[in-house]
Amino acid sequence: MKWHELGEKNCPIARSLSILGDRWTLLIIRNAFLRTCRFEDFQKQLGITRHLLSDRLNRLVEKKVFKKVLYQEAPKRYEYKLTEAGLALYPVMLALTKWGNTWMNEDGSHPPLEYVHKPCGHKTSPELCCSECGEEIHVRDMMPLLDGLQDNAESPLTGISS
């Protein structure tokens, strides 16, 4: 499968990866959550080339993860602000942080990144729970469903016939 074909797949993970699935994009989004919004600041903080940063920002604007907001007329300069779709990625970023703290720091050589829930003042860690019963979600308890998927149809998650 070619990279540009991911966005056409009958799988929400593949379609998401068609936008978010390279090594710079999530770091750009991470920095946006840390209140970075100007091209020069993204470049300075990430050490990414101007061409690559421009390409990634343009794609994120095209896919409505960011919106460009003019902040200077002459010369024209823009800020990149997270849209509603971009802000909806925050739980994903928290989950990646939790995973990285746990599985990419087994020797404890890096201090964990932690978050404080400002309304209650406590450190918190993201937990997934069922929207209906409130129980914590575990992989063994879940079953993916796709409307219209037949028992012997091609799986949208693997592309493999069952």
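When I say contact, I mean heavy atoms within 4.5 Å. Helices here are DSSP runs of H or I, at least four residues, numbered from the N terminus. Bear in mind that this is a predicted model, where local features need pLDDT of at least 70, side-chain atom pairs count only at pLDDT 80 or more, and totals for chains, interfaces and linings use all residues. Residues are numbered from 1 along each chain as its sequence is written, and side-chain values use heavy atoms, with hydrogens and water left out.

So, α3 and α4. From α3, Phe-39, Glu-40, Phe-42 and Gln-43 meet Arg-50, Leu-53, Ser-54 and Leu-57 of α4. By class that's 4 nonpolar, 2 polar and 2 charged; nonpolar is Ala, Val, Leu, Ile, Met, Phe, Trp, Tyr, Cys and Pro, charged is Asp, Glu, Lys and Arg, and the others, Gly among them, are polar.

Next, α2, residues 25-33, and α6, residues 90-103: their axes come within 11 Å and cross at roughly 105°. Axes are lines fitted to C-alpha atoms over the stretch in contact, with angles from 0 to 180 degrees between N-to-C directions. That makes the two roughly perpendicular, the label for 65 to 115 degrees. Leu-26, Ile-29, Arg-30 and Phe-33 of α2 touch Tyr-90, Met-93 and Leu-96 of α6.

Last one: is Ser-18 buried or exposed? Buried, at 11% relative accessible area, where buried means under 20% and exposed over 50%, with a 1.4 Å probe and protein chains only. Ser-18 sits in α1, and its side chain reaches the backbone oxygen of Arg-15 at 2.5 Å.

Conventions
A polar contact is a pair of N or O atoms within 3.5 Å; within protein, one must be able to donate a hydrogen and the other to accept it, and residues adjacent in sequence count only if both atoms are side-chain atoms. Angles under 35 degrees count as roughly parallel, over 145 as roughly antiparallel, 65 to 115 as roughly perpendicular and the rest as oblique.
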